[in-house]
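Keep the viewer open as you read.

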Amino acid sequence: MYISKSFIPILKNNPSEAKIKSHQLMLRVGMIKQSSTGIYSWLPLGFKVMKKIEQIVREEQNKIGAQEILMPTIQSSEIWKESGRYDDYGDEMLRIKDRQDREMLYGPTNEELVTDIFRSSIKSYKSLPQLLYHIQWKFRDEVRPRFGIMRCREFYMKDAYSFDVNDTEALFSYNKFFLSYLKTFKRLELTAIPMAADTGPIGGNLSHEFIILAETGESKIFTDKRIFDLSSEGSDIEKNSLEKLRKKYEQFYSVTDEKFNKEKFEKEVTKENRLITKGIEVGHIFYFGDKYSKPLNAAVDLAGGKKDFVKMGSYGIGVSRLVGAIIEAKYNEKDEIMKWPFSVAPYELAILPMINKNDNSTLEKATKIFKHLEKYDIDTIIDDTDENLSSKIKKFNLIGVPYQIIIGKKSEGDTLEFKEVGKEPKNLTIDQIIKILIKLKIKN
Ligand code: ATP
Ligand code: MG
């Protein structure tokens, strides 16, 4: 892809309406365009990043045995009346009438719909557990949409639902998602801390929010610093191992402000380990037993011949919010340098030739390298404009493409000037460069 033919509407300066750095950068490099309050179009750069995040989220769901489905965005009000949430949900729900005057709504979440799907087919404990998920647009008519795609009205979410025969099995499912969330965020190069959380309108009795630290975050958090040293390394998808993992995290006090208890915090956490700061919620998991299965009558036959309501949990990840959250975590706004994690970068490599008038040789060289890299599936863009090299480098530092090949004076003979954003350039052969990039492509 040549940048001259790409749809990357870069702005000269930061847009004044953006208050936080992720919103600034996304508008500045043309990742999104607002279409109305809290509703955005995703332009090529932004869309590519979001789709790469989505794929990582998907792979980690599949690894724990969750099955992907796709439910519609528009739902009928009937099932929401069955669960009793149609009236409770309030003004955040966008309610619509069709031509027959039927009450419909744009789904803010899917507990009812997925339970309806489940109950129509699964009748026996033998088919449990069922872990179903989808990745779909949601609409919540937020009182104060702000910060671009961080708190908007239409957003892209992965939501999963678990159905189990009893509490023990249901907690096993809960812990599988707990692990898969730690792994997902790690692949996105984020440190997301699970925090005991309130259950809010979803309801239930056990819940964790996954929060990444950021000054601009909307969640106030109180933690024991030592939680940041933990990892999911070595945990298997097996009951005891998963329970151990959750206990390991739960030994350290870490809550959002709804759950904050000053006395407990000061008793459990020594002064030097206390951290009170702000963060962004990127995921949220809930266990709520038969809260929905009971009113919606989702029951299965048990081994002994009796019937019981299934025990459910739900598990969300803000896929679109993650695009902004990664920027908040990685963007150095002072020097205007962004470096996307290789796994989700809009392009993995930029080739920046110095182009002189009447001399196409550097552009030809760039195109040759581009074609060669295509064979290795390396996602590359060429800057074929006639800007000088330093402004091309600056532009790609801002876009956040993590690696650059600079074809100028220093790329003579067999070696090329190769640069990782934020680091000193090196002179390497094309084979050495390919080796480095291929290694990064191997999933961890
Ligand atoms: P918040 O507390 O930020 O309003 P929530 O608790 O209402 O979020 P959940 O129902 O837990 O949200 O949704 C799962 C995930 O979807 C959240 O963890 C968040 O990452 C994302 N999300 C929720 N609301 C929005 C929104 N308005 N815009 C973008 N992403 C959102
Ligand atoms: Mg939440």
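Which residues form one aromatic cluster? They are F178, Y181, F185, F210 and Y249.

## Ground rules

This is a predicted model, where local features need pLDDT of at least 70, side-chain atom pairs count only at pLDDT 80 or more, and totals for chains, interfaces and linings use all residues. Residues are numbered from 1 along each chain as its sequence is written, chains are lettered from A and ligands numbered from 1 in the order in which they are written, and side-chain values use heavy atoms, with hydrogens and water left out.

## Aromatic rings and charges

Searching the whole structure turns up 18 aromatic pairs. To pair, rings of Phe, Tyr and Trp (its six-membered ring) need centres within 6.5 Å; planes under 30 degrees apart are called stacked, over 60 edge-to-face, and the rest tilted. F288 and Y292 make an edge-to-face pair, at 5.0 Å centre to centre with 80 degrees between the planes. Both F288 and Y292 are buried (under 20% relative accessible area; exposed is over 50%, partly exposed in between, with a 1.4 Å probe and protein chains only).

Two rings also have a charge over them, meaning NZ of Lys or CZ of Arg is within 6 Å of the ring centre and within 35 degrees of the ring normal. K48 puts its charged end over the ring of Y347, 3.7 Å from the centre. R274 lies over the face of F265, with 5.9 Å to the ring centre.

Strand 10 (residues 206-213) is mostly covered, with 7 of its 8 residues buried. Helices (H or I, at least four residues) and strands (E, at least two) are DSSP runs, numbered from the N terminus. Strands pair if DSSP finds at least two bridges between them.

Strand 9 (residues 192-196) runs antiparallel to strand 10, joined by 5 bridges, and here A196 stands opposite H208. Strand 13 (residues 274-289) is also antiparallel to strand 10, with 8 bridges. There, F210 faces G283 across the pairing; F210 is also one of the aromatic cluster residues.

## A cavity

How many cavities of 30 Å³ or more does the count come to? The count is 1, and the largest cavity holds about 40 Å³ of space. A cavity here is a set of points, on a 1 Å grid over the protein atoms alone, where a 1.4 Å probe fits but cannot get out; lining residues have an atom within 4 Å of a point. Grid points are joined across faces, edges and corners, and the volume is the space filled by probe spheres set on the points.

The lining includes W42, W137, C152, E154 and S320. Strand 2 (39-42) and strand 8 (154-164) each supply at least two lining residues. By class, the lining has 8 nonpolar, 1 polar and 1 charged residues (Ala, Val, Leu, Ile, Met, Phe, Trp, Tyr, Cys and Pro are nonpolar; Asp, Glu, Lys and Arg charged; the others, Gly among them, polar).

The peptide bond from L128 to P129 is cis, with omega near 0 degrees. P129 is in the loop between helix 5 (111-121) and strand 7 (130-139).

Phi is positive in E336, near 55 degrees, and in N358, near 60 degrees; each is a residue other than glycine. E336 is in the loop between helix 9 (319-330) and strand 17 (349-353), and is partly exposed at 25% relative accessible area. N358 lies in the loop between strand 17 and helix 10 (361-374) and is exposed, at 85%.

Conventions
On a 1 Å grid over the protein atoms alone, a cavity is a set of points where a 1.4 Å probe fits but cannot get out, and a pocket is an open set with protein on both sides within 12 Å along at least five of seven lines; lining residues have an atom within 4 Å of a point.
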